[in-house]
Amino acid sequence: MTEGRLLCTFRVADHLLGLDITVVQEVLRRQEITRLPLSAPAVRGIINLRGHIVPAVDLRCCLALPAAERGEGRATIVVRGREDSAASLIVDEIGDVVQVVEASLERTPETVHGLARQLIHGVFPLHDGLLLELDLGEILRVAYA
Amino acid sequence: MESMDEGILREFLSESLENAEQVERELVALEREPGDLKRIATLFRAVHSIKGTCGFFGFTKLAAVAHAGENLLGRLRSGERTLTPEIANALLALVDALRAILGRIEATKEEGDEAFEPLIDRLNQLDTAAAAPAQATVPAPANDVRLDTEGGATAPAESSVRVDVHLLDRLMNLVGELVLARNQLLLEVASSNFVDLPATAQRLNYVTTELQEQVMKTRMQPIGALWNKLPRLTRDVAAACGKSVRLDLEGTETELDRSIIEAMRDPITHLIRNAIDHGIETRAERAAHGKPEEGRLLLRAFHEGGKVHVELTDDGAGLPIERIRESALRQNLISTARAALLTDREWANVIFLPGFSTAEQVTNVSGRGVGMDVVKNNVERIGGAIDVESRPGQGVTVRIRIPLTLAIVPALIVTAGGERYAIPQANLTELIRVEPSEAADRLPLAFDAPVLRYRDGLLPLLDLRDILHTPSARHGEHGDEAVSIAVLHADDVTVGLVVDAIVASQEIVVKPLIEQLRQIAIFAGATILGDGAVALILDVPGLARHAGISVRSGVPGVPVEAILSEAPSAPLRTLVLCHAGERWTIAIPQEQIARLEEIPRRSVERIGERAMVQYRGGILPLVSLGAILDLKGAREAADAEWLGERDPLPVVVHERDGRSVGLVVESIVEIVAERAAVSASPGARAGFAGSMVVRGSVTELLDLEKLLGSSPVGRDLAPAHAGWGA
């Protein structure tokens with residue numbers, strides 16, 4: 001396939017991140033999150049997705065970014081992880097769906113430190129910035145650990 | 001083999017497992033009537049069809065085993081051989097082997113490398129050997145009796161359900177309705193037409209409720225699915241104990257939720273083992289007591305009062321109450337003071353106490369320290385209750401009552417740190433509110449642990465806010481607000497849970513948490529409340545473990561009360577339960593009722609404002625029980641308009657001093673025999689003897705003598721119509 005893939009993009013802090021559109025089930029705006037005591041720090045809580053209980057994962061926490069300020073972290077992306085288990089990722093803002101060409105994928109620079117290095121699958125240079133594609137499996141593994 | 005169609009393989013597996021199960025069932029039955037040719041033919045067909053299909057898949061090992069069995073069965077069918085215990089054992093071993101191979105195929109798609117040659121040789125030998133004279137009348141166990149209740153780790157799990165096509169059609173139909181309702185709703189919202197909205201909402205409500213009921217039905221399965229394996233178990237356990245026992249099953253078609261059927265597997269197996277090992281006497285003992293040599297177990301299931309009842313009755317010696325008493329005192333499970341108060345029936349229930357055992361010697365089958373308390377815990381874990389009754393010399397009956405489904409459970413909603421949590425009612429003993437004025441006295445500190453003075457003992461307290469690390473709403477240790485405590489029990493732990501507030505009691509739909517979140521052991525799942533918010537369901541055993549309360553450290557004094565809930569000294573009385581008004585259940589002692597009648601509406605005649613009917617050659621005045629209890633006067637009570645719209649009218653006929661009166665009720669529910677104490681309820685109205693617990697719920701007990709003797713209705717009726725009635 002030469003025409004490339006589609007990535008669903010979103011912003012967390014100042015970063016433009018993306019996930020392959022095939023793992024994204026839907027995008028939700030405001031969503032009530034119920035706190036889940038004693039859970040891993042990255043699991044902010046659980047949400048009611050039309051009668052299904054779905055964990056809400058805080059991407060800022062996964063990527064070791066500073067906690068969201070008021071007004072941020074309002075949108076949620078529902079994704080399908082391994083074995084079809086649903087999870088929702090809390091992000092600051094939903095972006096466009098972007099078409100990328102696999103050939104332009106750059107490896108994550110060696111100078112990216114910490115957990116982020118594991119979680120970023122690769123980098124697509126766009127004309128107005130960088131799009132970091134996340135590795136969903138890794139994110140969920142880190143979040144639940 | 002990699003390219004093999006999954007679907008066909010799956011079908012083959014489930015079909016073959018069913019066949020293996022049938023072989024087992026028929027074999028155990030055949031042992032009782034060895035000459036039953038029809039059974040032999042069925043057996044032959046079942047084994048043959050396993051062999052036939054596995055040839056298609058190329059499972060050579062399975063085919064070889066089945067083939068050897070088929071040959072032997074062929075001899076039985078042609079009458080060349082008769083069924084001896086030896087042959088039966090070999091054939092049962094064949095079933096085990098088939099199951100093992102099928103299990104492996106399901107897990108790995110390969111037959112595995114276990115060698116079955118010894119079994120094949122054994123079957124072939126029996127096939128070719130000259131008919132040996134049958135020596136033993138008692139069948140020996142086919143294999144070592146399996147002590148693990150799972151029946152081998154390779155037992156294939158049932159992962160598919162059969163659903164009635166009609167049910168499926170109905171579901172599809174309802175989904176169609178649902179889609180229509182949604183379309184209508186969207187249309188109305190889009191066009192801002194809010195006039196029809198209530199009607200659409202109502203339709204949606206109706207369709208959803210119906211859909212829920214029907215979907216629940218697909219999860220229902222006959223309990224017989226679980227019981228299929230029990231005759232074999234009985235045979236093997238009995239043989240291992242050197243006894244002969246037959247198991248009769250009743251009510252195998254009784255339906256309940258799949259998950260509950262699974263959860264009942266271990267308790268039932270354990271009870272049957274126990275009954276055979278400890279309950280049924282040896283053949284010599286039975287003969288000495290004039291009982292038939294063969295012991296009898298009866299396992300029956302039935303629906304009653306919205307629950308499933310499962311009863312296991314044996315005709316053995318009954319529980320050794322004396323020995324139970326000695327053991328319980330010796331092991332300090334019961335204080336001497338309390339022991340003096342217990343009746344025989346209560347002593348029987350002592351066997352459910354954790355750590356209790358009378359076994360002087362550990363047998364192969366039971367008495368290994370895994371006691372009846374485990375059975376009780378398993379039953380309670382699924383919201384059930386268990387009770388045992390012993391008839392000395394005649395046997396023991398164990399009764400289990402379980403809910404129909406686990407998916408919807410009654411729960412208590414509490415708040416902690418501003419968030420709502422659900423506690424399953426099954427774990428709830430009582431709610432306690434400690435006023436600020438009592439706090440210093442009732443909530444002392446034991447070293448550093450807060451406790452509650454509770455029923456002459458101390459109950460350890462957990463603070464839900466501390467456990468959940470939520471901010472405490474209280475200021476200081478004991479603020480000036482009342483403390484709400486939910487007393488919870490799980491397994492054998494009783495603990496008080498301090499919460500901010502108790503909100504409501506309601507039925508909740510249990511939603512599981514995803515695998516990765518289940519490591520948080522204090523939550524059993526989540527539920528969605530009426531306002532759409534999510535509430536977590538607390539897992540009480542997990543909560544206790546999390547707080548470091550050891551499972552074996554009960555609170556002295558509490559467990560016995562928890563077990564012995566029924567007041568044993570109350571006389572057994574027969575009660576007629578009826579609805580007086582809508583959903584208002586009252587009980588009437590049967591001795592106060594002459595007859596129960598159904599009277600067609602057209603035969604009701606009115607004289608003035610009164611309603612009556614010609615009855616047994618006399619006239620029976622009719623009054624509405626609901627109206628009397630609503631404290632209406634005699635005129636209103638007898639007025640036809642109070643008699644309601646039902647046809648025919650359900651009527652309770654009461655006779656006093658040779659006169660009869662017909663009390664019209666909403667409906668007659670059932671007649672029950674109940675051994676429950678009547679407690680005078682404070683503020684009870686005239687005509688009520690008090691209230692009692694019937695079928696697990698508090699019911700008011702009516703006293704017709706008093707009601708009609710003292711109330712204006714009775715006084716008014718009697719003189720005015722002297723000479724009426726039969």
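**Notes on the predicted model**

1. In chain A, strand 9 (residues 120-126) and strand 10 (residues 129-134) pair in the antiparallel sense, with 6 bridges between them. A:Val123 stands opposite A:Leu132 of strand 10 of chain A. Strand 9 and strand 10 of chain A form a hairpin, and 2 residues lie between them.

2. Strand 4 of chain A runs antiparallel to strand 5 of chain A, and 6 bridges join the two. Within this pair, A:Asn48 stands opposite A:Ile53, a residue of strand 5 of chain A.

3. The contact between the two chains involves 15 residues of chain A and 17 residues of chain B. On the side of chain A that touches chain B, the elements giving two or more residues are strand 4 (43-49) and strand 5 (52-58) of chain A. Strand 4 of chain A provides the largest share of that side, 3 residues.

4. Which residues have the most contacts inside the largest nonpolar core? They are A:Val57, A:Cys62, B:Ile423, B:Ile485, B:Ala486, B:Leu497 and B:Leu538, in a core of 80 residues. Strand 14 (residues 483-490) of chain B contributes the largest share of this core, 6 residues. Apart from it lies another core, of 46 residues, including B:Ala238, B:Ile280, B:Ala328 and B:Ile382.

5. The surroundings of A:Val57 can be listed in more detail. Leaving aside residues up to four places away in sequence, A:Val57 touches A:Ala42, A:Val43, A:Arg44, A:Cys62, A:Ala87, A:Ser88, A:Leu89, A:Ile90 and A:Ala143.

6. Chain B contains 23 helices and 29 strands. Of its 726 residues, 34% count as buried. Among the contacts in chain B with a separation of 6 or more, 67% are between residues 24 or more positions apart.

7. How does the span of helix 6 of chain B compare with what its 26 residues should give? At 1.5 Å a residue, helix 6 of chain B should span 38 Å, and its end C-alpha atoms are 37 Å apart, which agrees. Helix 6 of chain B is followed by B:Ser192, which has a positive phi, near 50°.

8. Is B:Gly176 buried or exposed? B:Gly176 counts as exposed because it has 11 C-beta neighbours inside 10 Å, and the limit for an exposed residue is 12 or fewer. B:Gly176 belongs to helix 6 (residues 165-190) of chain B. From B:Gly176 to B:Val207 the separation is 31 residues in sequence and 9.7 Å in space, taken C-alpha to C-alpha.

9. Chain B has an open sheet of 5 strands in the order 2-4-5-7-6, and its pairing is mixed. Strand 2 (245-250) and strand 6 (385-391) of chain B stand at the edges with a single partner strand each, so one side of each has no neighbour in the sheet. The twist in this sheet averages 15° from one strand to the next.

10. Two further details concern this sheet of chain B. Strand 6 and strand 7 (residues 395-403) of chain B run antiparallel and are joined by 7 bridges; B:Asp387 has B:Arg399, in strand 7 of chain B, as its bridge partner. Helix 9 (residues 230-240) of chain B lies across strand 2 and strand 4 (295-304) of chain B, and runs at about 160° to strand 2 of chain B.

11. Finally, strand 19 (residues 573-579) of chain B pairs with strand 27 (residues 667-674) of chain B in the antiparallel sense over 7 bridges. The bridge partner of B:Leu575 in strand 27 of chain B is B:Val672. Strand 19 of chain B is also joined by 5 bridges to strand 20 (residues 585-589) of chain B, and these two run antiparallel. There, B:His579 has B:Thr585 of strand 20 of chain B as its bridge partner.

Notes. Residues numbered from 1 in each chain as written. Chains lettered and ligands numbered in written order. Predicted model: local features only at pLDDT ≥ 70, side-chain atom pairs only at ≥ 80, totals over all residues. Core = buried A, V, L, I, M, F, W, Y, C linked by C-beta atoms within 7 Å. Buried ≥ 20, exposed ≤ 12 C-beta atoms within 10 Å, placed from the backbone. Helix = DSSP H or I, 4+ residues; strand = E, 2+ residues; numbered from the N terminus. Contact = placed C-beta atoms within 7 Å. Pairing = 2+ DSSP bridges. Expected span 1.5 Å × (residues − 1). Axes fitted to C-alpha atoms, helices over the stretch in contact; angles between N-to-C directions.
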